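Me: I would like to go through this model and ask what stands behind the terms used for it. Please set each value against its cut-off.

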Amino acid sequence: MRKYFLILLTCLLIACSMIGCGSRGTASQEENIETAKAYLGQQVCVNMEESKIAIADSFGNIASWTQEKKAEEAKPDTETIGAAAEAAYDMKDWEKAYAEYLEGFAEGKNVGRFTYSLIYVNDDDIPELVIDSGVEAGGCLILTYHNGEIDELQTARLNYYYIERQNLINNSDGHMGYYYDYIYAIKNGKWIGVARGEWTEEWEEIDDEEYVFKYTYIWNDKEVDEDVYTKKLNAIFDTEQQMRPNYNYYIDEILSLLKTGKVLSDAHRYEIFVEDISYDEAKTRCSEKGGYLADITTFEEYMRIQNQIENSGQENVYFWIDEDMTICINILGNWWAPDEPSWHTEVNGIDLAENGMFLFYDGEQKKCLVGDMVTDILAYYPEYEGKIGYICEYDR
């Protein structure tokens with residue numbers, strides 16, 4: 001009974017030292033830990049993350065918690081930093097309008113899949129803001145700003161193209177045999193329809209696995225043939241010049257860009273290491289160094305890391321980065337290596353999940369690419385020995 005009383009008493013002392021209860025004259029956390037050791041050997045564990053006191057096999061849990069707590073306290077106050085950056089940045093009227101719109105738009109909504117981009121449709125200095133819902137049924141909202149007002153264009157499904165600074169956008173998409181090209185422009189700050197094309201595909205089975213296809217083309221409500229449809233489309237909208245946004249942002253990043261002129265990771269720093277370790281070991285290494293495995297969330301961050309790799313001369317190394325597949329697909333879609341993501345691979349007849357993410361420099365394209373890989377790469381691909389590394393990211 002005395003033993004359990006001492007355990008409880010010691011745990012309470014440690015808990016108080018960790019949360020700061022008591023007077024200024026109370027013993028330090030280190031003194032209380034030493035007291036616990038003297039009484040109980042290595043049997044005390046305090047889990048302050050869950051505000052509980054527990055008994056465990058190892059005193060190491062307290063030391064681990066203390067390190068994590070110190071690391072957490074060492075992190076910058078992002079809200080304070082963000083507020084200071086906003087105060088120092090002279091927002092333009094269109095930036096304020098877009099930011100206010102997005103804050104209202106996102107309130108109460110699950111916008112986790114949504115991405116945002118700034119594009120130049122007409123030839124003024126104010127970009128249009130694209131809100132991509134990430135699902136076909138939701139389509140995209142494309143905002144334009146003029147004289148204090150925002151006008152919205154809702155696309156049918158997700159796909160669209162634009163010709164930069166020529167004031168033309170084509171909502172070109174379709175599904176299940178029905179396809180369309182809806183051409184829009186901006187006039188006096190409002191979206192207007194320029195032309196409308198639609199075509200349908202029907203088929204009839206005349207024999208086993210043999211079909212007859214029938215296509216119907218409509219341009220501005222008049223039936224035409226395929227050749228005329230294509231000519232009329234290209235006469236207005238030159239498909240050889242069409243483009244899509246080069247990169248996208250998530251909501252926090254686009255708001256930071258609008259309010260401060262910078263992405264959230266602008267002040268982050270990165271370290272590059274070459275070491276033959278697994279993906280999980282790389283995560284541990286970065287955590288021990290007070291950071292985390294690089295979590296690339298914007299094109300700007302991607303380019304900073306690429307420049308650092310080029311400057312370091314480590315262009316033949318495959319670097320582990322954070323495995324957030326959603327970010328890589330939605331934000332870094334243009335930087336996937338060929339045939340990636342592959343999600344899984346087969347080695348010696350064994351199907352293996354590829355739950356790790358790597359980044360490497362492609363010498364031919366002169367840029368970094370990303371791909372997925374088994375987390376313990378050397379166990380299955382020994383030829384990568386000496387070519388494995390990882391990138392740690394630090395918030396400051």
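Me: What share of the residues of the protein chain counts as buried?
Reply: In this predicted model, 41% of the 396 residues of the protein chain count as buried. The cut-off for that word is a relative accessible area under 20%.

Me: How many helices and strands does the secondary structure come to?
Reply: The protein chain has 11 helices and 20 strands. Among contacts between residues at least 6 apart in sequence, 57% join residues at least 24 apart.

Me: Why is Val-121 called buried?
Reply: Buried means under 20% relative accessible area. Val-121 has a relative accessibility of 0%, so Val-121 counts as buried.

Me: Where does Val-121 lie, and what does Val-121 touch?
Reply: Val-121 is in the loop between strand S3 (115-119) and strand S4 (128-132). Leaving aside residues up to four places away in sequence, Val-121 touches Glu-128, Ile-163, Glu-164, Arg-165, Gln-166, Asn-167, Leu-168, Ile-186 and Trp-191.

Me: What makes H5 roughly antiparallel to H7?
Reply: Helix H5 (residues 93-106) and helix H7 (residues 251-260) pack at an angle of about 155°. Angles over 145 degrees count as roughly antiparallel, and therefore H5 is given that description relative to H7. The axes of H5 and H7 are 9 Å apart, and H5 passes H7 in a left-handed crossing.

Me: Which residues of H5 and H7 meet?
Reply: From H5 come Trp-94, Glu-95, Tyr-98, Ala-99, Leu-102, Glu-103 and Ala-106; from H7 come Ile-251, Ile-254, Leu-255, Leu-257, Leu-258 and Lys-259. The residues of this contact of H5 with H7 divide into 10 nonpolar, no polar and three charged.

Me: Which residues of helix H8 are buried, and how do you know on which side of H8 they are?
Reply: In helix H8 (residues 279-288) the buried residues are Tyr-279, Ala-282 and Cys-286. These residues cover an arc of only 55° around the axis, so they are on the same side of H8. An α-helix has 3.6 residues a turn, so residues three or four places apart point the same way.

Me: What covers the buried residues of H8?
Reply: The cover includes strand S14 (292-293), strand S15 (318-321), strand S18 (356-362) and strand S20 (388-394).

Definitions and conventions:
Residues numbered from 1 in each chain as written. Predicted model: local features only at pLDDT ≥ 70, side-chain atom pairs only at ≥ 80, totals over all residues. Heavy atoms only, no water. Buried < 20%, exposed > 50% of the residue type's maximum accessible area, 1.4 Å probe, protein only. Helix = DSSP H or I, 4+ residues; strand = E, 2+ residues; numbered from the N terminus. Arc of directions from axis to C-beta. Contact = heavy atoms within 4.5 Å. Axes fitted to C-alpha atoms, helices over the stretch in contact; angles between N-to-C directions. Parallel < 35°, antiparallel > 145°, perpendicular 65-115°, else oblique. Left-handed = near helix turned anticlockwise from the far one by under 90°. Nonpolar A, V, L, I, M, F, W, Y, C, P; charged D, E, K, R; others polar.
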